[in-house]
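Student: I have the model open. Can we go through its rings and helices together?

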Amino acid sequence: MARGSRLVDLVQTRIEDFLAERTSILRSISPDLDPLDEFSRRFLSGGKRFRALFCYWGWEAVAGRGFDPFESDGGRDHYPVVSAASALELFHAAALVHDDIIDNSDTRRGAPSAHRLFESLHAESGWAGGSADFGRASAILLGDLLLGWSDELLGEGLDAVADREAARAARAEFMRMRTEVTSGQYLDILEERAWLVQPEAQQRTRAERVIVYKSAKYSIESPLVIGGALAGASAAQLAALRGFGLPLGIAYQLRDDLLGVFGDPEVTGKPSGDDLREGKRTMLVAIARERLAPGQRRLLDELLGDPDLGADQVRMLQRTISECGAVEEIEAMIADNVARATAVLEEAPISRDARAELGSLARAVTRRTS
């Protein structure tokens, strides 16, 4: 993964250079905009950069350079794909800012979420009005700003692509991804409110639909396809990248769902059982409801989504979900989806280096603890 770590460094540098240009615009407007600059930098530093890595290896899967570009040309020939990978990280940051508002989350990566940062700024400054209202409104605008910047950053990279058809294909996938993520987010909100009035037989299907469109496609499939498209991928290569990316993306989100209920807060940066307090209607919950006795199911339905759940109640729900076999079934689903992705990867018409690195990434994203 040494090559991957160098890519992460290039992405961080690209993001910082881009933000420096935008900071000058903000400062030319008013010093009152400094929090937008400070908080955007905070949310764009660190992280696993999985989307950036999948974007690059989608590119390498098709380009198949067979040498270390980050030492031989200083990354000049990789400006388009590094810019696209960086744009995906800006898009991800925007999505997280908005997601935390929707979920009323206090923390992100072990630190205050954006709306809480703005809320604290308001309270410490002694401004008029409610701190919570200011925090939410300001964070919405920060997310919007990051979303717009992600498009600008992508555009700068695409302008440097000589193959205009490849640039158009990458742009089309990026736009499709934005529509799918927003749609998936709405479906997630809908499920939290309409879950118990939907037919029991549809709950797994509806939970999987949220997984696919809110997370799986934009976390792995679309970054791969954007990178591959930039390199001029054939229809067969794009089909292989999608065939690998979608089941792996599903496995990635299923792991995330387990961490949302059972993850160690010291590792995840989120309180233990946070998804239970937020009322996430995940595949894990759908399976648990199928397996639980009527009395246990009613208790789960009653407590799920209560923001005031205490530590003892969280542990009780964790134990209930685990003992009914739902966790084992989710683990089996993760293994099955990884196997499906790996089978596609083994036969994919892509470079040997990319096949090896994508296999390594598949293990990393599905065995993670945070």
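Tutor: A charge sits over a ring if NZ of Lys or CZ of Arg is within 6 Å of the ring centre and within 35 degrees of the ring normal. This is a predicted model, where local features need pLDDT of at least 70, side-chain atom pairs count only at pLDDT 80 or more, and totals for chains, interfaces and linings use all residues. Residues are numbered from 1 along each chain as its sequence is written, and side-chain values use heavy atoms, leaving out hydrogens and water.

Student: The charged end of which residue sits over the ring of Tyr218?

Tutor: Look 4.6 Å from the centre of that ring. The charged end there belongs to Arg51.

Student: How do the rings of Phe91 and Tyr218 pair?

Tutor: Rings of Phe, Tyr and Trp (its six-membered ring) pair if their centres lie within 6.5 Å; planes under 30 degrees apart are stacked, over 60 edge-to-face, the rest tilted. The centres of Phe91 and Tyr218 are 5.6 Å apart, and their planes stand at 70 degrees. So the pair is edge-to-face.

Student: Are Phe91 and Tyr218 buried or exposed?

Tutor: Buried means under 20% relative accessible area, exposed over 50%, and partly exposed in between (1.4 Å probe, protein chains only). Both Phe91 and Tyr218 are buried.

Student: How far apart in sequence are the parts that this pair ties together?

Tutor: Helices are DSSP runs (H or I, at least four residues), numbered from the N terminus. Phe91 lies in helix α5 (residues 79-103), and Tyr218 in helix α9. The pair therefore ties together parts separated by 127 residues.

Conventions: Helices (H or I, at least four residues) and strands (E, at least two) are DSSP runs, numbered from the N terminus.
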